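The sequence and the model are shown first, and the description follows.

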Amino acid sequence: MDVDVGARLRAIRVKTGLSQRQLAQRAGVTNGTISLIEQNRTSPSVASLRKVLGGIPMTLAEFFGQDDLPPAEQIFFRADDLIELASDLPVARKASISFRQVGDLRGRNLQVLSERYEPGADTGTGKNMLQHDSEEGGVIIEGEIELTVGDQKQILRKGDAYLFDSRIPHRFRNIGDQTCTLVSACTPPYL
């Protein structure tokens, strides 16, 4: 059976509520790469397609093995249903950081994450601070986190919260000696 890779990728991307730019950011490729694949102007290698699908997230088996897209509607999620997103992100290599997503974002404009920052974890400094076209907020569940947003900096502890425009460069850093956990939301989705 021949699969129109470009049309299938576009249908899945649209159903998951991602723009080409958002998928490219999440997958770590250029917008042009997504566009060329969707227009069937390039045939991606298995490694390239796997990288792009990692931004959804979806396996190659799911991409090629289903005649129809799986249903998007799921309401309840157990702890082991959450999707780990940080394993392939550059920030995850600096220290132990976990971003566990609720659901697969199909047709969703809100991303909810359970985040964990081990002592010393840092999402970046200077020109490497996070910045994306979203708004985000969260509540600290345990531990503490130093949050920098633009030229403002605060240490937030259990029960404290934040809400800001994510286009402003920002950074999360665990300067404490215990793990910090928080629950956050971002719209539109970033990771």
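## Terms and basis

A residue is called buried when its relative accessible area is under 20%, exposed when it is over 50%, and partly exposed in between, with a 1.4 Å probe and protein chains only. The model is predicted, so local features need pLDDT of at least 70 and side-chain atom pairs count only at pLDDT 80 or more, while totals for chains, interfaces and linings use all residues. Residues are numbered from 1 along each chain as its sequence is written, and side-chain values use heavy atoms, with hydrogens and water left out.

Helices (H or I, at least four residues) and strands (E, at least two) are DSSP runs, numbered from the N terminus.

## The six-stranded sheet

Six strands form an open sheet in the order β1-β2-β3-β9-β4-β7, with antiparallel pairing; two strands pair if DSSP finds at least two bridges between them. At the edges are β1 (83-84) and β7 (161-165), each of which pairs on one side only. Strand β4 (residues 135-142) runs antiparallel to β9 and is joined to β9 by seven bridges. One of the bridge partners is Ala185 in β9, which faces Gly137.

Two residues illustrate strands β3 and β9. Ser114 belongs to strand β3 (residues 111-117), and Thr181 to strand β9 (residues 180-187). Their C-alpha atoms are 7.3 Å apart in space, although 67 residues separate them in sequence. Ser114 is partly exposed at a relative accessible area of 27%, whereas Thr181 is buried at 18%. Contact here means heavy atoms within 4.5 Å. Apart from neighbours within four places in sequence, Ser114 is in contact with Leu82, Ser98, Phe99, Arg100 and Leu182.

## A hairpin

Strands β5 (residues 144-149) and β6 (residues 152-157) pair in the antiparallel sense over six bridges. Within this pairing, Glu144 has Arg157 in β6 as its bridge partner. The two strands form a hairpin with two residues between them, and Gly150 in the turn has a positive phi of about 60°.

## Helix α2

In helix α2 (residues 20-27), the buried residues are Gln22, Leu23, Ala24, Arg26 and Ala27. Their cover includes α1 (5-15), α3 (31-38), α4 (46-54) and β2 (97-101).

## Aromatic pairs

Rings of Phe, Tyr and Trp (its six-membered ring) pair if their centres lie within 6.5 Å; planes under 30 degrees apart count as stacked, over 60 as edge-to-face and the rest as tilted. The whole structure holds four such pairs. Among them, Tyr117 and Phe172 are stacked, at 5.9 Å centre to centre and 20° between the planes. Because Tyr117 lies in strand β3 and Phe172 in strand β8 (residues 170-173), this pair ties together parts that are 55 residues apart in sequence.

Tyr162 and Phe172 form an edge-to-face pair, 5.5 Å centre to centre with 65° between the planes. Tyr162 is in strand β7 and Phe172 in strand β8, ten residues apart. Tyr162 is buried at a relative accessible area of 9%, and Phe172 is buried at 2%. One aromatic cluster is formed by Phe99, Tyr117, Tyr162, Phe164 and Phe172.

## Salt bridges

A salt bridge is a side-chain nitrogen of Lys or Arg within 4 Å of a carboxyl oxygen of Asp or Glu. By this rule there are six. One of them joins Arg13 and Glu38 at 2.6 Å, N to O, linking helix α1 to helix α3 across 25 residues. Arg13 is buried at 7% relative accessible area, as Glu38 is at 10%.

Arg171 forms another with Asp122, the closest N and O atoms being 2.5 Å apart. Arg171 is in strand β8 and Asp122 in the loop between β3 and β4, 49 residues apart. Arg171 is buried, with a relative accessible area of 14%, and Asp122 is buried at 14%. In the salt bridge of Arg167 with Asp165, the closest N and O atoms are 2.5 Å apart. Here Arg167 is partly exposed at 48%, and Asp165 is partly exposed at 22%.

Val183 is found in strand β9 and is partly exposed, with a relative accessible area of 39%.
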